[in-house]
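Please look over the sequence and the model displayed here before reading on. The report that follows goes through selected parts of the structure in turn.

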Amino acid sequence: MSVRTVLVTGGGSGIGAGVVVELAAAGYQVAVVDRNAEAAGRVAEQVKAAGGNALPVTADVSDMDAVASAVAEVRDYFGTVDVLVNNAGFARDNHILDMPIEDWDSVQSTHLRGSFLMLKAVAPLMAAQRWGRVVNVSSISALGIHGERVNYVAAKAGLEGLTRAAALDLAPHGITVNAVGPGVIQTAMTEVSAARAGRSLDEHLAVQAAQIPRGRVGSPHDVARAVQFFIAEDADFITGQVLYVSGGPHG
């Protein structure tokens, strides 16, 4: 069997970078797609230094032309796209009464529109080979949480709906579509969240851990393990599912 090619959006930092590194270590060749060219290149070089095969690609996933160009670049370099991990996203938190429409639109465009555009672009490649895996990175926020992030919650809930609908559409083509929903995961953005809450990083992590049944915050490794479960060669009877990676049950 040939080496599978994985395309990870938002692969230049945080959870996306963690997924890239771990999948490369597991033997996949990886396209690191990020709108930050420097970040994508840095992660790709990390993979190569460890003996893996990675291609950095610069693209804004909310831009249809940029998505088409990125997928074409990956296809030309690796031959196809076997696995898509829709991870690109960011937060612009605010109370619903104070949220600028620009922050609503930008979050929806990246998380939801971007995932749709990427899925639509790679699905024909997967359908042609009668095999494909798609994993959308959602969040426990999709269940509805307090925290002045109505745009983020709505985007992630929409992404889970997209997951289920796309799974039905693409199942006859040999393509599975699933989602992972991280809880509190420690990345560089954790420091931003701590500052927003008026805490030091250590204080913030302690507060978060105290609310998690497992007693700790998560890491990108935890999310990568769930992704690997869904994209396995023999995981073809699991589709349209959401797996929360959050240290305990929610909702």
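## Thr9 and its surroundings

Leaving out residues up to four places away in sequence, Thr9 touches Val33, Val61, Leu84, Val85, Asn86, Asn87, Ala88 and Met118. This is a predicted model, and every contact described in this report is read from that prediction. Thr9 lies in strand E1, and at a relative accessibility of 1% Thr9 counts as buried, because buried means under 20%. Among the residues that Thr9 touches is Asn87, and here there is also a polar contact, since a polar atom of the Thr9 side chain lies 2.8 Å from the backbone nitrogen of Asn87.

## Asn87, in a loop

Asn87 has its place in the loop between strand E4 (83–86) and helix H4 (101–129). Although Asn87 sits in a loop, Asn87 is buried, with a relative accessible area of 12%. Not counting residues up to four places away in sequence, Asn87 touches Thr9, Gly10, Ile15, Gly16 and Val137. With Gly10 the side chain of Asn87 has a polar atom 3.1 Å from the backbone oxygen.

Asn87 can also be placed relative to Leu7: the two residues are 80 apart along the chain, and their C-alpha atoms are separated by 10.0 Å.

Val6 is found in strand E1, which runs over residues 5–9, and Val30 is found in strand E2, which runs over residues 29–34. Val6 counts as buried, at 0% relative accessibility, and Val30 likewise counts as buried, at 0%. Once neighbours within four places in sequence are set aside, Val6 is in contact with Leu23, Tyr28, Gln29, Val30, Ala31, Val83 and Val85. With the neighbours of Val30 set aside in that way, Val30 is in contact with Val6, Val8, Val20, Leu23, Ala24, Asn53, Ala54, Leu55 and Phe78.

Val6 and Lys48 are 42 residues apart in sequence, with 15 Å between their C-alpha atoms, while Val30 and Leu112 are 82 residues apart in sequence, with 22 Å from C-alpha to C-alpha.

Helix H2 covers residues 37–49, and its 13 residues should span 18 Å at 1.5 Å a residue, which agrees with the 18 Å between its end C-alpha atoms. Which residues of H2 are buried? They are Ala39, Ala40, Val43, Ala44 and Val47, and they cover an arc of only 130° around the axis, which puts them on the same side of H2. In general, an α-helix has 3.6 residues a turn, so residues three or four places apart point the same way. The buried residues of H2 pack against helix H1 (14–25), strand E2 and strand E3 (54–58), whereas the face turned away from the buried side carries the exposed residues Glu38, Arg42 and Ala49.

Both ends of H2 have a local feature to note. At the start of H2, a side-chain oxygen of Asn36 reaches to within 3.0 Å of the backbone nitrogen of Glu38, and just after H2, Gly51 takes a positive phi of about 95°.

The buried residues of helix H7, which runs over residues 201–210, are His204, Leu205, Gln208 and Ala209. Seen down the axis of H7, these buried residues fall within an arc of 130°, so they line one face of the helix. The face of H7 turned away from the buried side carries the exposed residues Asp202 and Ala210.

What covers the buried residues of H7 includes helix H6 (189–196). At what angle do H6 and H7 pack? The angle is about 90°, with the axes 9 Å apart, and that makes H6 roughly perpendicular to H7. The contact is made by Thr190, Glu191, Ser193 and Ala194 of H6, together with Leu201, His204 and Leu205 of H7.

## A positive phi at Arg130

Arg130 is found in the loop between helix H4 and strand E5 (132–137). Its phi is near 60°, which is a positive value in a residue other than glycine.

Methods: Residues are numbered from 1 along each chain as its sequence is written. This is a predicted model: local features need pLDDT of at least 70, side-chain atom pairs count only at pLDDT 80 or more; totals for chains, interfaces and linings use all residues. Side-chain values use heavy atoms; hydrogens and water are left out. Buried means under 20% relative accessible area, exposed over 50%, partly exposed in between (1.4 Å probe, protein chains only). Helices (H or I, at least four residues) and strands (E, at least two) are DSSP runs, numbered from the N terminus. The arc is that of the directions from the helix axis to the C-beta atoms. Contact means heavy atoms within 4.5 Å. A polar contact is a pair of N or O atoms within 3.5 Å; within protein, one must be able to donate a hydrogen and the other to accept it, and residues adjacent in sequence count only if both atoms are side-chain atoms. The expected span of a helix is 1.5 Å times one less than its number of residues. Axes are lines fitted to C-alpha atoms, for helices over the stretch in contact, and angles run from 0 to 180 degrees between N-to-C directions. Angles under 35 degrees count as roughly parallel, over 145 as roughly antiparallel, 65 to 115 as roughly perpendicular and the rest as oblique.
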